[in-house]
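Please read this briefing alongside the sequence and the 3D view. The notes below move from the overall fold to its sheets, helices, cores and a few individual residues.

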Amino acid sequence: MRDELNTEVKQAFEELPEEELEEKVIQIDRVTRVVKGGRRLRFRATVVVGNKNGRVGLGVEKGSEVTGAITKAVAQAKKKMIKVQLKDTTIPHEVYAKRAGAKIFLKPASEGTGVIAGGAVRAVLEAAGVKDILSKMLGSSSKINNAHATIEALGSFKKMKTGDKKEKVEKVTKGEKTTKKQTKEIKS
């Protein structure tokens, strides 16, 4: 009985569609370290992973080979995925974030504007599924720091409450009499 349930559960999980994630390599660097016998060469990969529907992650890993570094970075990015609060095709409001020397300013744009961003910021925003946005990189031009600052900015949006305020406002507009307590609730 128990084995039958386990097999049924496994089959149900296998039938579920796996979330399609898009991977984009932002940067690959050669990193050397001086050791007793000379220099040791490794590769550092910076990868962004997203489903183009509000989830995005960033991974930075090192490996002795480029493919190994990319694989590790993708795995780390999948672990560190965040949920991005989107408002239609853009972000809810302006946001400013700072990471090390990199400063990022993101501003919502009207539909049809496109992604006005460069380099690492563009890669992160496209992976997150933002289609209309204006951005400005200030300070450092480091791709890693700019990507981290963008992730930080996208993760800083608070959850928007929908329903509560709208319902209260609709009741008032329909001509019902309101008490002082109800008007205080509407304003808050």
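Two strands are taken to pair if DSSP finds at least two bridges between them, and helices (H or I, at least four residues) and strands (E, at least two) are DSSP runs numbered from the N terminus. This is a predicted model, in which local features need pLDDT of at least 70 and side-chain atom pairs count only at pLDDT 80 or more, whereas totals for chains, interfaces and linings use all residues. Residues are numbered from 1 along each chain as its sequence is written, and side-chain values use heavy atoms, with hydrogens and water left out.

**Overall make-up**

- The protein has 6 helices and 8 strands, and along the sequence these follow the pattern α-β-β-β-α-β-β-β-β-α-β-α-α-α.
- Of the 188 residues in the protein, 29% are buried, where buried means under 20% relative accessible area, exposed means over 50%, and partly exposed lies in between (1.4 Å probe, protein chains only).
- A contact means heavy atoms within 4.5 Å; among contacts between residues at least 6 apart in sequence, 55% join residues at least 24 apart.

- An open sheet is formed by 4 strands in the order 1-2-3-4, and its pairing is antiparallel.
- Strand 1 (22-35) and strand 4 (82-83) stand at the edges with a single partner strand each, so one side of each is left without a neighbour in the sheet.
- Strand 1 and strand 2 pair in the antiparallel sense over 13 bridges and form a hairpin with 2 residues between them; within this pairing, the bridge partner of valine 31 in strand 2 is arginine 42.
- Strand 2 (residues 38-50) and strand 3 (residues 55-63) also pair in the antiparallel sense, over 8 bridges, and alanine 45 stands opposite glutamate 61 in strand 3.
- Helix 2 (residues 66-79) lies across strand 1, strand 2 and strand 3, running at about 145 degrees to strand 3; for such angles, axes are lines fitted to C-alpha atoms, for helices over the stretch in contact, and the values run from 0 to 180 degrees between N-to-C directions.
- Helix 4 (residues 143-155) packs on the sheet as well, touching strand 1, strand 2, strand 3 and strand 4, and its direction makes about 150 degrees with that of strand 3.

- An open sheet of 4 strands has the order 5-6-8-7, with mixed pairing.
- Here strand 5 (95-99) and strand 7 (115-116) stand at the edges, each with a single partner strand, so one side of each is left without a neighbour in the sheet.
- Strand 6 (residues 102-108) and strand 8 (residues 133-139) run antiparallel and are joined by 7 bridges, with leucine 106 opposite serine 135 in strand 8.
- Helix 4 lies across strand 5, strand 6 and strand 8, running at about 140 degrees to strand 5.

**Helix 4 in itself**

- Among the residues of helix 4, Ile144, Asn146, Ala147, Ala149, Thr150, Ile151, Ala153 and Leu154 are buried.

**Nonpolar cores**

- A nonpolar core is a set of buried Ala, Val, Leu, Ile, Met, Phe, Trp, Tyr and Cys residues joined through side-chain atoms within 4.5 Å; of the 27 residues in the largest one, Ile26, Val48, Val56, Leu106, Val124, Leu125 and Leu154 touch the most other members.
- The elements giving two or more residues to this core are strand 3, strand 5, strand 6, helix 3 (119-128) and helix 4, and helix 3 gives the most, with 7 residues.
- A second, separate core of 7 residues includes Val47, Ala69, Val74 and Ala77.
- Not counting residues up to four places away in sequence, valine 48 touches Glu22, Glu23, Lys24, Ile26, Val56, Gly57, Leu58, Ala123, Val124 and Ala127.

- Aspartate 29 lies in strand 1 and is buried, with a relative accessible area of 18%.
- The side chain of aspartate 29 makes polar contacts with the side chain of glutamine 27 (3.4 Å) and with that of arginine 44 (2.6 Å), a polar contact being a pair of N or O atoms within 3.5 Å; within protein, one must be able to donate a hydrogen and the other to accept it, and residues adjacent in sequence count only if both atoms are side-chain atoms.
- Arginine 55, in strand 3, is partly exposed, with a relative accessible area of 28%.
- Arginine 55 and glycine 155 are 100 residues apart in sequence and 10.0 Å apart in space, C-alpha to C-alpha.
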